[in-house]
Amino acid sequence: MLTNKRILVLMILVLGLALVLTGCGGDNKATSTGEKVIKIGFIGPLTGDVKTFGESTKNGFLLALEQAGNKVGDYKIEYVTADDRNDATEAVNVATKLIAEDRVKAIVGSVTSKTTIAASQLANDNKVVMISGTGTSPKVTVDNDKRKDFIFRACFIDPFQGTVAAKFATETLKAKTAAILYDQGNDYTIGLSNFFKEQFTKNGGQILAMEAYAQGDVDFSAVLTNIAKQKPDILYLPDYYQKVSLIGKQAREKGINAIFLGGDGWDSTELDYKTMEGGYFTSHYSPDDPRPEVKTWVDSYKNKYNAVPDAFATLGYDATNLLLNAIKTANSDDPAKIKDALQASKEFAAVTGKLTFDKDGNPIKPAVILQIKDGKQSYVTTVTP
């Protein structure tokens with residue numbers, strides 16, 4: 001008969017053995033039935049100032065996993081989601097947990113450029129694959145001229161988006177002058193502003209004002225009063241929907257009649273559609289696109305979430321499917337092999353267009369121009385690279 005002391009010693013030995021086996025299982029975690037498991041993380045702003053972006057992206061992520069049967073190749077998929085609150089420090093914190101504690105082999109996310117840039121460096125340093133659906137800043141995959149080999153994205157980058165907006169302004173809207181307002185602490189808005197300015201000027205346009213503000217600013221009276229006096233044809237607002245709505249409302253109150261123009265950060269059901277009526281923005285897809293891939297996707301999303309998918313949901317879906325395809329192609333949970341398979345992706349049939357990665361992990365793909373018309377988004381045109 002075992003004494004209490006011997007029972008305690010035996011329990012400690014068993015627990016120790018279990019911990020050793022857990023830590024020494026190599027890359028291939030297995031279920032009780034012997035099925036191999038791969039862990040995938042998701043990072044996005046599920047709360048905070050751009051929570052609709054995170055919610056949509058997460059919906060796309062989960063729908064892609066569901067359609068795959070939560071399995072890819074020989075692996076059962078387990079996923080862990082994390083909320084970065086659209087804060088760069090928090091993005092690093094949750095990425096650290098996903099990598100060190102949850103031991104994910106790949107991450108889908110984050111959503112905004114500032115959080116994706118912060119988390120991507122950590123993922124790359126730890127050789128964990130990361131693919132963002134919507135982080136458009138060039139710094140996501142390349143920083144200080146150095147390629148982050150394990151980092152990819154499913155969206156086009158800011159140089160292309162800013163250039164497309166400027167060309168549309170001068171060539172289609174026939175604009176001669178423009179004013180720009182941007183968040184001085186956000187790589188996304190800085191990049192779009194600079195590339196818009198460069199192309200707009202190159203096309204013969206004149207930038208009458210380029211004004212910076214801080215993320216927490218809510219009163220834009222001073223700069224808008226000055227812009228109102230100059231009467232620009234275009235007011236370029238490359239920020240997220242909440243800030244754009246606020247600035248747009250104050251601009252109209254100041255008597256600014258310029259056409260509003262912006263980037264994909266406008267794409268939210270919480271944009272002030274009444275204020276932004278008549279404005280245009282660059283985006284990644286339109287649910288009105290007649291391609292069969294788009295119709296199938298929109299129908300699937302509507303059936304699941306009873307809503308029309310925005311660009312964030314769509315790019316989250318594309319990013320997840322790109323990752324799953326790479327895991328299947330590599331037939332491995334080794335991040336290095338998954339990374340190589342992703343880089344080799346050619347003409348992948350994504351919802352947002354056939355996609356091939358360039359050397360920097362950026363997709364070569366088209367952009368669309370959408371207009372806020374009659375209280376909703378209306379497809380205008382598609383612009384190819």
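This is a predicted model: local features need pLDDT of at least 70, side-chain atom pairs count only at pLDDT 80 or more; totals for chains, interfaces and linings use all residues.
Helix 5 is mostly covered, with 11 of its 15 residues buried. The protein holds 11 helices and 19 strands. Its radius of gyration is 23 Å, close to the 21 Å that the globule rule gives for 385 residues, so the protein is as compact as a globular protein of that length.

**Helix 5**

- Helix 5 covers residues 158-172, and its end C-alpha atoms are 20 Å apart, which agrees with the 21 Å that 15 residues should span at 1.5 Å a residue.
- The buried set is made up of Asp158, Phe160, Gln161, Gly162, Thr163, Val164, Ala165, Ala166, Phe168, Ala169 and Thr170.
- Just past the end of helix 5 comes lysine 174, with a positive phi of about 60°.

**Helix 4**

- Helix 4 has 13 residues, and from its first C-alpha to its last it reaches 18 Å, close to the 18 Å expected at 1.5 Å a residue.
- Ser113, Lys114, Thr115, Thr116, Ile117, Ala119, Ser120, Ala123 and Asn124 are buried in this helix.
- Their cover includes helix 3, strand 6 (129-132), strand 9 (151-153) and helix 6 (187-202).
- After helix 4 comes lysine 127, whose phi is positive, near 55°.

**Helix 3 against helix 4**

- The axes of helix 3 (residues 88-100) and helix 4 come within 8 Å and cross at roughly 35°.
- The crossing of helix 3 and helix 4 is right-handed.
- On the helix 3 side, the contact is made by Ala88, Ala91, Val92, Ala95, Thr96 and Ile99, while helix 4 brings Lys114, Thr115, Ala118, Ala119, Leu122 and Ala123.
- Sorted by class, this contact has 9 nonpolar, 2 polar and 1 charged residues.

**Backbone features worth a look**

- Most residues other than glycine have a negative phi, and most peptide bonds are trans.
- Against that background, the peptide bond from glycine 109 to serine 110 is cis, with omega near -10°.
- Serine 110 sits in the loop between strand 5 (106-108) and helix 4 (113-125).
- Asparagine 70 has a positive phi, near 50°, although this residue is not a glycine.
- You will find asparagine 70 in the loop between helix 2 (51-67) and strand 3 (71-72), and its relative accessible area of 31% makes it partly exposed.
- Lysine 231 also has a positive phi, about 50°, and lies in the loop between helix 7 (221-230) and strand 12 (234-236).
- With a relative accessible area of 67%, lysine 231 is exposed.

**The protein as a whole**

- The C-alpha trace spans about 95 × 45 × 40 Å along its principal axes.
- Of the 385 residues, 52% count as buried.
- Among contacts between residues at least 6 apart in sequence, 67% join residues at least 24 apart.

Key:
Residues are numbered from 1 along each chain as its sequence is written. Side-chain values use heavy atoms; hydrogens and water are left out. Helices (H or I, at least four residues) and strands (E, at least two) are DSSP runs, numbered from the N terminus. Buried means under 20% relative accessible area, exposed over 50%, partly exposed in between (1.4 Å probe, protein chains only). Axes are lines fitted to C-alpha atoms, for helices over the stretch in contact, and angles run from 0 to 180 degrees between N-to-C directions. A crossing is left-handed if the near helix is turned anticlockwise from the far one by less than a right angle, and right-handed if clockwise. Contact means heavy atoms within 4.5 Å. Ala, Val, Leu, Ile, Met, Phe, Trp, Tyr, Cys and Pro count as nonpolar, Asp, Glu, Lys and Arg as charged, and the others, Gly among them, as polar. The expected span of a helix is 1.5 Å times one less than its number of residues. The radius of gyration is taken over C-alpha atoms; the globule rule is 2.2 Å times the number of residues to the power 0.38.
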